[in-house]
Amino acid sequence: MDIHKLEEYLNIDNTKYTTVSLDALNYYLQRYMLTVPFENIDVQNGVDISVEVGDIYHKIVELHRGGFCYEMNSLFKAYLEQKGFHVKMVSATIHTPGGGRSLKGSHMSLVVIIDDIEYVADVGYGDLPLNAMPITQENNSKVIKDINGDFRAIYANDKLFYVQKWKGNNWDTQYEGELTPRQIHDFDYNIEYNQKDPNSTFVQHLLITMPKPYGRATMSQNNLTLSKQQGKEKYEVTDQNYKRFLKKIFNLDIKIENLEKLR
């Protein structure tokens with residue numbers, strides 16, 4: 001991985017911060033999330049996913065693509081470690097509507113430790129703030145306010161934490177994460193499931209999303225939704241316009257086979 005080319009691609013000023021700090025972490029987090037979209041196009045196109053850092057770097061920096069959690073957080077972890085941060089790769093399980101759970105360990109997140117405080121710094125989830133979230137006790141939680149909502153991370157116990165978003169007058173848990181450090185190949189089963197199993201939501205549905213200065217842009221096989229403070233704008237996605245949306249909104253230039261088949 002060429003860290004200088006990565007920083008150039010992410011528009012990171014490498015003279016801005018020279019030591020590990022929360023301000024530096026937030027700066028790197030913001031630059032990554034505003035540049036690289038979360039997307040599962042390879043899964044939709046039947047292209048095998050590699051989680052080797054060199055392959056992810058090639059895909060994102062040289063091919064101007066995005067990826068899903070295992071790719072995005074693996075590259076960001078490698079970058080942060082080169083900048084001197086202490087980063088843990090952790091297993092997480094997404095909470096689904098109605099009180100359900102995804103496959104255990106179906107999400108991979110990052111916890112960064114600065115001055116003995118643990119922060120969630122996750123660039124591989126579809127809806128999180130542009131700042132790291134300190135993990136705190138529930139009765140002393142630190143709310144991270146973002147254009148897309150209010151978020152927090154709290155300890156459930158000494159082994160588990162929750163990432164939550166304020167919805168409908170309640171804290172809604174987005175996912176639960178384990179604090180035990182993992183290696184990327186601990187996720188081999190989940191990676192295979194998420195890209196190959198017909199029950200996987202990534203196999204079933206196209207998802208491209210990234211934060212924007214005005215809120216968030218999200219594209220499915222059917223619709224492009226621009227979520228803004230004044231409301232949502234929704235546009236139908238067709239075989240005729242999807243490439244224009246990909247380029248204009250997400251800076252992606254790639255065919256999506258399922259949409260091409262509509263021609």
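Visitor: Why is L224 called buried?
Guide: Its relative accessible area is 2%, and buried means under 20%, exposed over 50% and partly exposed in between, with a 1.4 Å probe and protein chains only. So L224 counts as buried. Bear in mind that this is a predicted model, where local features need pLDDT of at least 70, side-chain atom pairs count only at pLDDT 80 or more, and totals for chains, interfaces and linings use all residues. Residues are numbered from 1 along each chain as its sequence is written, and side-chain values use heavy atoms, leaving out hydrogens and water.

Visitor: Where does L224 sit, and what is it in contact with?
Guide: L224 is in strand β13 (residues 223-228); strands (E, at least two residues) and helices (H or I, at least four) are DSSP runs numbered from the N terminus. Contact means heavy atoms within 4.5 Å. Leaving aside neighbours within four places in sequence, the contacts of L224 include M219, Y235, F245 and F250.

Visitor: What makes Y70 and F187 a tilted pair?
Guide: Rings of Phe, Tyr and Trp (its six-membered ring) pair if their centres lie within 6.5 Å; planes under 30 degrees apart are stacked, over 60 edge-to-face, the rest tilted. That rule gives twelve aromatic pairs. For Y70 and F187 the centres are 5.9 Å apart and the planes at 55°, so the pair is tilted. Y70 lies in helix α5 (residues 69-82) and F187 in the loop between β10 (170-178) and α6 (188-196), so the pair ties together parts 117 residues apart in sequence. Y70, at 0% relative accessible area, is buried, and so is F187, at 2%.

Visitor: Why is the pair of W166 and W171 called edge-to-face?
Guide: The planes of W166 and W171 are 70° apart, with 5.2 Å centre to centre; that angle is over 60 degrees, so edge-to-face is the term. W166 is partly exposed at 39% relative accessible area, and W171 is too, at 24%.

Visitor: How do you know that the charged end of K228 sits over the ring of Y214?
Guide: The rule wants NZ of Lys or CZ of Arg within 6 Å of the ring centre and within 35 degrees of the ring normal. K228 passes, with its charged end 5.0 Å from the centre of the Y214 ring. K16 lies over the face of Y27 as well, at 5.4 Å from the ring centre.
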